[in-house]
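Subject: Structure handover

Hello,

Here is the structure for your files. My notes on it follow below.

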Amino acid sequence: MDMKKVVALKILLVLALMVSTTSCKKSSSSKNSSRATGWQINSREGGFQYNTDFKEQETAPGLVFIEGGTFTKGRVQDDVMHDWNNSPTQQHVQSFYMDETEVTNAMYMEYLDWIKRVYPPSDENFRAIYHGALPDTLVWRNRLGFNEVMTDNYLRHPGYGEYPVVGVSWIQAVEFANWRSDRVNEYNLEKAGYLKRDAKIVDVNSESTFNTDTYINAPTLTYGGNEEVINGDGRGRRNVQVDADGNETGIYATRETGLISPKYRLPTETEWEYAALGLSEIRSYNLYRGRKKYPWDGQYTRNGSRKYRGDQLANFKQGKGDYGGIAGWSDDGADITNAVRSYAPNDFGLYDMAGNVAEWVADVYRPIVDDEFNDFNYYRGNVYTKNAIDEDGTVKIVTVDDIKYDTLSNGKVVARNLPGEIVQVPIDENETYLRTNFDRSNEINFRDGDKRSSRYFESFNDEEGEENAGTETRKMYNSPKHTITRDEDGNIIREYDKDNNRTSLINDQVRVFKGGSWKDREYWLDPAQRRYFPQDMATDYIGFRCAMSRVGSKSKTKNKTKN
């Protein structure tokens with residue numbers, strides 16, 4: 001063979017080998033090819049399914065993104081109340097999302113409407129569910145005041161539709177957040193094709209409700225296990241995926257799809273205070289260790305800009321008998337609450353983080369913040385549970401006959417669980433054995449100074465202590481223990497604790513609320529201030545807003561890996 005042809009043939013072979021090698025490298029680095037095994041991900045033949053196209057968490061309805069960071073939590077101004085319960089501590093917060101505004105009457109009315117349709121109060125079995133969700137409109141009454149117009153109209157009249165809901169207890173706020181989580185995830189799955197069109201509204205009843213945890217853990221039991229419900233117009237619901245042509249594919253959405261959103265919840269106290277301060281504008285100057293009195297810049301409650309000079313920046317009580325100022329000039333625009341977005345937002349884009357209404361947060365109240373043990377996502381109130389398992393190995397789902405009710409300290413009855421949810425039980429030794437990061441189901445009292453903080457709390461004898469030298473008074477949180485029960489006829493029996501040895505109102509059922517309200521002086525507008533109130537009671541000046549955890553990157557702008 002001619003030498004030139006031999007050389008040319010060798011060159012072609014080398015080029016072919018290079019092309020083949022390059023092709024193999026591209027194939028092995030494909031996003032749908034496992035870097036662990038080389039196996040194909042998301043193949044049509046089945047196997048491991050994973051959303052390799054996921055970019056970042058989509059902002060859920062009503063929320064704004066809060067990029068996390070470090071800040072000084074606690075007292076940054078004079079403590080005129082001498083509570084000494086907010087000593088400055090350095091804390092770090094992960095990125096999260098928070099409601100742009102407080103939850104409004106219109107938003108809460110949508111919740112009540114859903115409950116009324118699914119659990120009709122005309123049905124004796126469900127009456128307590130609806131009544132337990134109703135805000136307490138009697139909070140507006142005053143023995144020496146004429147406020148019946150708010151008692152009758154504030155919740156339902158459209159004139160107050162965009163005003164923050166009040167008369168809602170901490171327990172009710174948590175239940176609203178749970179309901180909101182299910183409705184948003186139900187909508188997302190329908191939009192993505194995992195549920196048929198109008199699944200969220202077609203033939204919804206007490207035995208066929210959607211629950212996020214149930215869908216994740218036992219999707220075939222969602223909607224009460226009804227695979228399909230067809231109405232007269234041919235539209236129906238089926239909790240399996242359908243393709244663009246309407247053909248069922250039999251695939252359920254999982255967490256791996258990235259479609260199921262984290263749950264709405266109440267923000268922690270640390271999250272709320274961090275979001276209220278709105279440090280985003282000054283965070284670029286290294287580590288913020290300064291003092292900021294309000295959610296806005298400056299040390300005053302009036303606007304200093306030329307265009308709006310003198311306008312109040314929040315809705316609060318300006319003095320004795322002065323809830324808004326003189327009509328016209330100097331007026332803050334409200335006497336009670338005001339419509340959300342009536343005042344400028346802070347640097348995070350959050351409205352009314354000072355004034356209008358104070359807001360529930362998730363934490364159980366303690367006068368101390370134990371930053372020596374934890375300075376990352378600080379929160380007191382963890383009660384760890386797990387899914388109850390039936391004898392057949394499946395999760396136990398609440399049915400209509402399994403609804404449990406609790407009678408609160410004020411006599412109000414609320415549903416502890418609802419049909420379609422997974423029954424929860426406390427964790428046990430299977431989860432705690434030899435662990436160092438937690439050792440029991442209820443961690444509310446961990447390192448808070450009372451004897452329950454001890455690892456060996458069970459060795460104490462309460463009955464013996466009661467008999468010896470009044471040791472009950474040596475408890476750090478020795479609050480009254482009122483009891484309320486019902487007799488066989490359903491009548492409420494109240495027993496008030498009249499013990500003179502009680503030394504505190506703090507217990508495991510009081511929750512923190514933050515921010516000033518229309519009823520508070522400007523001192524309480526400081527985001528660092530903290531107060532507490534029983535979790536099962538409500539007022540005319542405490543509302544709430546929801547938050548949501550962020551999964552994935554800390555920032556909205558991801559750092560790209562350099563090649």
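**Salt bridges**

Across the whole structure, a search finds 23 salt bridges, a salt bridge being a side-chain nitrogen of Lys or Arg within 4 Å of a carboxyl oxygen of Asp or Glu. This is a predicted model, in which local features need pLDDT of at least 70 and side-chain atom pairs count only at pLDDT 80 or more, while totals for chains, interfaces and linings use all residues. Residues are numbered from 1 along each chain as its sequence is written, and side-chain values use heavy atoms, with hydrogens and water left out.

One of the bridges joins Glu 100 to Arg 341, with 2.9 Å between the closest N and O atoms. This pair links distant parts of the chain, 241 residues apart: Glu 100 is in the loop between strand E4 (96–99) and H2, and Arg 341 is in the loop between helix H7 (269–277) and strand E8 (358–364). Helices (H or I, at least four residues) and strands (E, at least two) are DSSP runs, numbered from the N terminus. Glu 100 is partly exposed at 22% relative accessible area, and Arg 341 is partly exposed at 45%. Here buried means under 20% relative accessible area, exposed over 50%, and partly exposed in between (1.4 Å probe, protein chains only).

Asp 370 and Arg 447 also form a salt bridge, at 2.4 Å from N to O. Asp 370 lies in the loop between E8 and strand E9 (385–387), and Arg 447 lies 77 residues away in the loop between helix H8 (429–432) and helix H9 (462–467). Asp 370 counts as buried at 12% relative accessibility, while Arg 447 counts as partly exposed at 35%.

A network of salt bridges links Glu 269, Glu 273, Lys 514 and Arg 530.

**Helix H2 and the chain overall**

The chain has 9 helices and 18 strands. Helix H2 (residues 105–118) has 14 residues and should span 20 Å at 1.5 Å a residue; its end C-alpha atoms are 20 Å apart, which agrees. The expected span is 1.5 Å times one less than the number of residues. Among the buried residues of H2 are Tyr 108, Tyr 111 and Trp 114. Their cover includes helix H3 (127–133) and helix H5 (170–191).

Of the 563 residues in the chain, 44% are buried. Among contacts (heavy atoms within 4.5 Å) with a separation of 6 or more, 68% are between residues 24 or more positions apart.

Regards
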